[in-house]
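Try each task before reading its solution.

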Amino acid sequence: MKQRRSYAQVLINAPYLLWAAIFILVPLFIVAYYAFTDASGAFTMANIKELANYKQTFWISIKYALIATAITFVIAYPFAYFMSKKSAAKQQMMMLLVMLPMWMNLLIRTYSWMNILERNGIINNLLGMMGLGPWKMIGTAGAVILGMVYNYLPYMILPIYTIMSKIDNSLLEAADDLGAHSFAKLRHIIWPLSLPGVISGIAMVFVPSISTFYISQKLGGGKIMLIGDTIERQIQTAYNYNLGAAISLVLMVFVLISMAVMNRFADDDGEGGGMIV
Amino acid sequence: MSEIKNIIELKDICMEFDGEMVLDHLNLAIKDGEFVTLLGRSGCGKTTTLRIIAGFLNPVSGQVLFDSKEINGVPPYQRPVNTIFQRYALFPHYNVYENIAFGLRLRKVPEAEIKERVEEMLRFVNLQGFEKRSVTHLSGGQQQRVAIARAVINKPKVLLLDEPLSALDLQLRKDMQVELKNIQKKLGITFIYVTHDQEEALSMSDTVVVMNEGKVQQIGTPIEIYNEPQNAFVADFIGESNILDGVMPCDFTARFAGHDFDCLDKGFAPNEPVDVVVRPEDVDIVPVVRGMLKGEVTSVTFRGVHFEIIVDIDGFKWMIQTTDEHHVGDVVGLYIEPDAIHVMKKSQYSGKYGDYSSYSDELEQLSELTEDEEE
Amino acid sequence: MNKFFDRFLTAAVYVFLYAPLLVMVFFSFNEGRSTSVFTGFSLRWYAELFSSSDTITALKNTLVLALLSATIATVLGTMAAVGIDGMRNKWLNSAVMTTTNIPMMNPDIVTGVSLMLLFVFVGRLMGLATSLSFITLLIAHVTFNLPYVILNVMPKLRQVDRRLPEAAMDLGCTPRQAFFKVVLPSIRSGVLAAFLMAFTLSLDDFVISYYTNGSGFQTLPLMIFSMTKKTVKPDMYALSSVIFITILLLLILVNVLQARSERDAKGAK
């Protein structure tokens, strides 16, 4: 009986385990393999050394992604807070309206912004009617960051709202009862309890922001190169898979490490040992 | 004995949710230092009353007085009352120490004093050494103690308790009843306690407030409430009762079940229709010749200390509790002492309660279950 | 003050979120060729869209790919969820879950590039001229859909009363019959939601497809990408509006299904 059970167990697990090994784990090693070899397959450190030339690109990508993440947080946190205070029907409606644009293809959403911001675009047309402009917006850091904020704002709102709506109302009443006015309540109860949502929101905005190439291509007007653009160029245009792999490898390691650090940070704070003042 | 002042008064309070009247011109005065219980079924308005006192709800109309000063509109965090919540509402992100220190921290009490007072509180509720424990890993009884310590450390004038024992199992509940009563005595402050459990109310309180449909039905000591119910609702809700239609031909005589009984009540109009309540333990089963009433035993249930016997008299099923054994089919007589007969004016509840014709153990257990789940 | 801030912020966020979508829908009805100057109402771009064989092919390709990848991912993922749920070995369990999470944590571009490099590597080993094809695209889509399927099915599976399959076996079912007759019906709504989610993710994917598709198999997002490399005519907006409406309908369907399964769950109480 036991034998048959484990036989069934293997049978049901095997296909996925095989799939996950071949198509999730092995590709990561292949990336590393390409990063440390040249076109002929011989071991080399050249690709890694080459990365030094892309220091500026990495720095700009991190900077833009951080700024975009910070802005989405500043908008999303109060928005989610206000939303969680509304009636159930209203909350559901608002949530649906936040998610809806996410289902529009990112390419189109971004392209539409290009239409709004470009030299002959909608804003400049309107300005022109008033005798102003035209202003140059495409190709600025502001436009690229705006594109990131626009595309990933729902990813920040969603987890923060979800966790806020789960905070037991009696905890807020208890804080009230023990002498907390609204700001103290926000600081001592809502903020620490919503932190896990904030952490996952940050991850969900930061990761796609730092790795995007389409947003920078369209709204950066070809002048702003991010990590994603560099990878795309090496793979799709220059056919330098080895350098592309090296950049991807660094991006992946950077992202996984920052996620691990953030999760650790969230865990430490969730332990309940911290002082409140 | 000197006059004890009222610490909390509710004057003509009305409250509604979504157009539904929850509190209907409620008046209530609570004396300083008392253990007061608001008792009633779920939906009777008892929790709403508590939340109005705490400041979580504002009444549609009426006054809330604290120490004779109106406190309508004063937010909860400025009221000198604290609450023990139904499921304790302990902050999951703080340990035991920080939960208890919460109120003092907000008042910017110096750290050294906080430490001293938290430790004193931990001793008080018997949780020494639990400072660093996470509250999510405590047992129900321990969580309960943390909740008490967290509230009491702020030295409230009044402690509000919203069904604090409903999440505990039976044995722990009994222990905590005794402990809560002791805590109240030691602190000497007013406790306002909300429950739907009549045994809990009778055993702990100085004063019981029976509520139904947003109105106070009766206020009194547990003994008064049990022995002198003011209307059919209270009689039915507190303990078991046989409730009969009757009239008062004259003072000290009640006529019901086709018989005139001597009783202790007076002051009714001649032949005024009344409700008559007789507790099951106050009815004696006697041989038919000595009985005032005669009937047949239709059901006998052994309850340990006593038997519960249903006797059918002209179609009305009486419940009788006695230590003597009888058998189904026996024809017996009933005897009732004058002081066992409680006569009360007809109220809106008359006719809603009566005999035990639909009585069965199963039904009773079912209704208890559903009541526990509510609120 | 708080109230004012609340209203202002809420309104501002929605204007921000919907402005570009309104621009898109609005200019899809433009008579002229511009996507920023409106010259008059017309449906010509919609007509042109549906008469273009490229678009129809891309649409067909996208649907075929989404349907196939969602089906494979749902079957494989549901099996995986059942398997992982029954794993006694804690270490193995967490190792498998961590692996499952990798495609969700990794940037899409890294997932795309890593799969592409795998295909290229294997293709070279086998001496193929072109290593990327419809098959590689399908594999990539199944791979990124799998974690979402597993995460949708797992919670439902945990809700299933352990005694249900035992009761079924007690009444004479083989373990396999117990699964199909008792367990699967109880997690049906989760499986369906997983399928629809995988379907929409696949419809919407650009980045991973961009790296793993072979030439000659164009999906809609890929087509949009190549269209936006040139100056865009309103036909792309018409196409986008159509996609948007389709996804909207799917989303409503998912919501209705979820509401129904919640109601079922309540009714079962």
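**Exercise 1. Find how far apart the centres of domain 1 and domain 2 of chain B are, taken over C-alpha atoms.**

Solution. Keep in mind that this is a predicted model. Start with the bounds: chain B is divided into domain 1, residues 6-227, and domain 2, residues 241-373.

**Exercise 2. Decide how helix 2 and helix 4 of chain B are oriented to each other.**

Solution. First locate the pair: helix 2 of chain B covers residues 96-106 and helix 4 of chain B covers residues 140-152. Their axes come within 7 Å and cross at roughly 30 degrees. Angles under 35 degrees count as roughly parallel. Helix 2 and helix 4 of chain B are therefore roughly parallel to each other.

Now look at the residues that meet. Helix 2 of chain B brings Val96(B), Asn99(B), Ile100(B) and Phe102(B), while helix 4 of chain B brings Val146(B), Ala149(B) and Arg150(B). Sorted by class, the residues of this contact are 5 nonpolar, 1 polar and 1 charged.

**Exercise 3. Describe the side of chain A that touches chain C.**

Solution. Begin with the counts: chain A gives 57 residues to the contact and chain C gives 56 residues. Several helices of chain A each supply at least two residues to this side, among them helix 3 (55-84), helix 9 (182-211) and helix 12 (241-270). The largest share, 18 residues, comes from helix 1 of chain A. By class, this side of chain A has 44 nonpolar, 12 polar and 1 charged residues.

**Exercise 4. Identify which residues touch the most other members of the largest nonpolar core.**

Solution. The core holds 246 residues, and the ones to pick out are Ile157(A), Ile160(A), Ile192(B) and Val113(C). Helix 7 of chain A, residues 141-166, gives the most to this core, with 17 residues. Then zoom in on Ile157(A): leaving out residues up to four places away in sequence, Ile157(A) touches Ala76(A), Phe79(A), Ala80(A) and Val98(A).

**Exercise 5. Work out what the buried residues of helix 8 of chain A pack against.**

Solution. In helix 8 of chain A, residues 169-177, the buried residues are Leu171(A), Ala174(A), Ala175(A), Asp176(A) and Asp177(A). These buried residues pack against helix 9 of chain A, together with helix 1 (46-54) and strand 6 (81-84) of chain B. Finally, step just past helix 8 of chain A, where Gly179(A) takes a positive phi of about 110 degrees.

Definitions and conventions: Residues are numbered from 1 along each chain as its sequence is written. Chains are lettered from A and ligands numbered from 1 in the order in which they are written. This is a predicted model: local features need pLDDT of at least 70, side-chain atom pairs count only at pLDDT 80 or more; totals for chains, interfaces and linings use all residues. Two residues are in contact if their C-beta atoms, placed from the backbone, lie within 7 Å. Helices (H or I, at least four residues) and strands (E, at least two) are DSSP runs, numbered from the N terminus. Ala, Val, Leu, Ile, Met, Phe, Trp, Tyr, Cys and Pro count as nonpolar, Asp, Glu, Lys and Arg as charged, and the others, Gly among them, as polar. Domain bounds come from an automatic or database domain assignment. Axes are lines fitted to C-alpha atoms, for helices over the stretch in contact, and angles run from 0 to 180 degrees between N-to-C directions. Angles under 35 degrees count as roughly parallel, over 145 as roughly antiparallel, 65 to 115 as roughly perpendicular and the rest as oblique. A nonpolar core is a set of buried Ala, Val, Leu, Ile, Met, Phe, Trp, Tyr and Cys residues joined through C-beta atoms within 7 Å. A residue is buried if 20 or more other C-beta atoms lie within 10 Å of its own, exposed if 12 or fewer, and partly exposed in between; C-beta atoms are placed from the backbone.
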